[in-house]
Amino acid sequence: MTAELSTSTPKTAAPDPEPDRVDLRDVCIVHGRGERAVVAVEGVDLTVRPREIVSIVGHSGCGKSTLLRSLAGLLPHASVQGSLSILGRTPDEARRSGLLSMVFQDAVLAPWRTVEGNIRLPLQVARGRQRRPGKTISEQLEVVGLGGYEKRYPKQLSGGQRQRVSLARALMMEPRVLLMDEPFGALDEITRDEMHTELLRIWETTDASIVVVTHSIPEAVFLSDRIVVMAAHPGRIVDVVDVGFARPRSNDLKDTPEFARIAHRIRTALEDNR
Ligand SMILES: Nc1ncnc2c1ncn2[C@@H]1O[C@H](COP(=O)(O)OP(=O)(O)OP(=O)(O)O)[C@@H](O)[C@H]1O
């Protein structure tokens with residue numbers, strides 16, 4: 001499906017933006033222009049409440065990463081239509097002020113910098129434009145279970161440890177919204193399970209909402225308060241599933257019938273909308 005959007009469309013906050021939530025209204029995102037334009041996302045409405053964890057699942061190419069990148073203000077303004085409000089601000093403003101940060105699948109650490117140097121990097125780039133960090137680097141490393149690792153280099157860390165550093169870096173400015181794109185996709189299953197409980201433990205120490213893109217249904221069910229199921233051509237939301245498990249959650253939850261029931265509903269929504 002192709003479409004062309006006005007290049008003058010600004011990426012704006014919603015008309016009456018809620019100051020405490022992420023709000024998307026009728027968001028449409030087009031990659032490219034003219035003949036080559038691809039409608040990656042169409043008609044998306046989504047609200048993420050304070051301290052909510054929302055997962056986005058869907059088949060490859062349905063627009064999950066595109067949607068997440070739009071929330072982070074990482075797409076050209078002209079490609080995004082509709083209103084996006086991050087705690088009453090535009091995505092750009094939210095990212096620049098440190099209200100929002102992002103974790104990617106590959107930890108994206110500079111190999112020539114120590115753990116400490118990697119965590120410090122975004123603070124140096126921002127040079128005072130952001131709010132002051134709430135914790136020291138050492139304190140933040142303690143939070144992610146890597147106390148004493150300041151002087152190590154990325155190559156001296158396991159995949160799970162690198163992702164913890166990436167998380168520590170993202171949390172330095174104490175963001176109110178954390179966006180995660182397949183954060184554990186490159187990890188083996190055992191480490192992944194461990195990182196699920198670790199992420200929830202760390203999240204308990206913050207006041208952040210999390211939006212996480214994942215290909216893993218169990219990961220989505222385990223982490224989330226709500227799961228958004230997307231389908232492709234064009235990328236759109238086809239189901240939203242509430243997950244009511246109490247917190248804190250332990251990995252035993254994954255063996256329960258209720259967990260299986262929710263996972264089944266998600267799988268069915270994905271199959272029905274292939
Ligand atoms: N920079 C780009 N230019 C043109 N088309 C793009 C660009 N980025 C993504 N697309 C297209 O937009 C659609 C959505 O891509 P996106 O990466 O958001 O999907 P996804 O659901 O995250 O996929 P995956 O699960 O494989 O990562 C796809 O059809 C993709 O080919």
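Which strand and which helix each supply at least two residues of the shell around the ligand? They are strand 2 (38–48) and helix 1 (64–71). The structure is a predicted model. The protein is divided into domain 1, made of residues 1–99 + 175–274, and domain 2, made of residues 110–174. The points below take the ligand shell, the domains, the sheet and some single residues in turn.

**The ligand shell**

- There are 13 residues around the ligand, and His31, Ala40, Ser60, Ser65 and Thr66 come nearest.
- Helix 1 gives the most to this shell, with three residues.
- By class, the shell around the ligand has nine polar residues, three nonpolar residues and one charged residue.

- Where domain 1 and domain 2 touch, 16 residues of domain 1 are in contact with 14 residues of domain 2.
- On the side of domain 1 that touches domain 2, helix 6 (residues 189–204) gives the most, with five residues.
- That side of domain 1 divides into eight nonpolar, five polar and three charged residues.

- Six strands form an open sheet in the order 5-6-7-3-8-9, and their pairing is mixed.
- Strand 5 (100–103) and strand 9 (236–242) are the edge strands, each pairing on one side only.
- On average, neighbouring strands of this sheet are turned by 20° against each other, direction ignored.
- In general, strands of a sheet pair through backbone hydrogen bonds, in either a parallel or an antiparallel sense.
- Strand 3 (residues 53–58) and strand 8 (residues 226–231) pair in the parallel sense, over five bridges.
- Within strand 8, Arg226 is the bridge partner of Val54.
- Helix 5 (residues 159–171) lies across strand 5 and strand 6 (177–181). The helix runs at about 170° to strand 5.

**Ile137 in helix 4**

- Ile137 lies in helix 4, which covers residues 137–143.
- Apart from neighbours within four places in sequence, Ile137 is in contact with Glu116, Ile119, Arg120 and Glu150.
- Ile137 and Val30 are 107 residues apart along the chain, and their C-alpha atoms are separated by 39 Å.

**Cis peptide bonds**

- His233 and Pro234 are joined by a cis peptide bond, with omega about -5°.
- Pro234 is found in the loop between strand 8 and strand 9.
- Another cis peptide bond runs from Arg247 to Pro248, with omega near 0°.
- Pro248 is found in the loop between strand 9 and helix 8 (257–272).

**Positive phi values**

- His233, which takes part in the cis bond to Pro234, has a positive phi of about 60° although it is not a glycine.
- The place of His233 is in the loop between strand 8 and strand 9.
- His233 is partly exposed because 15 other C-beta atoms lie within 10 Å, a count that falls between the limit of 12 or fewer for exposed and 20 or more for buried.
- Glu182 is a residue other than glycine with a positive phi, here near 45°.
- Glu182 is found in the loop between strand 6 and helix 6.
- With 19 C-beta neighbours inside 10 Å, Glu182 counts as partly exposed.

Notes
Residues numbered from 1 in each chain as written. Predicted model: local features only at pLDDT ≥ 70, side-chain atom pairs only at ≥ 80, totals over all residues. Pairing = 2+ DSSP bridges. Helix = DSSP H or I, 4+ residues; strand = E, 2+ residues; numbered from the N terminus. Axes fitted to C-alpha atoms, helices over the stretch in contact; angles between N-to-C directions. Contact = placed C-beta atoms within 7 Å. Domains from an automatic or database assignment. Nonpolar A, V, L, I, M, F, W, Y, C, P; charged D, E, K, R; others polar. Near = placed C-beta within 6 Å.
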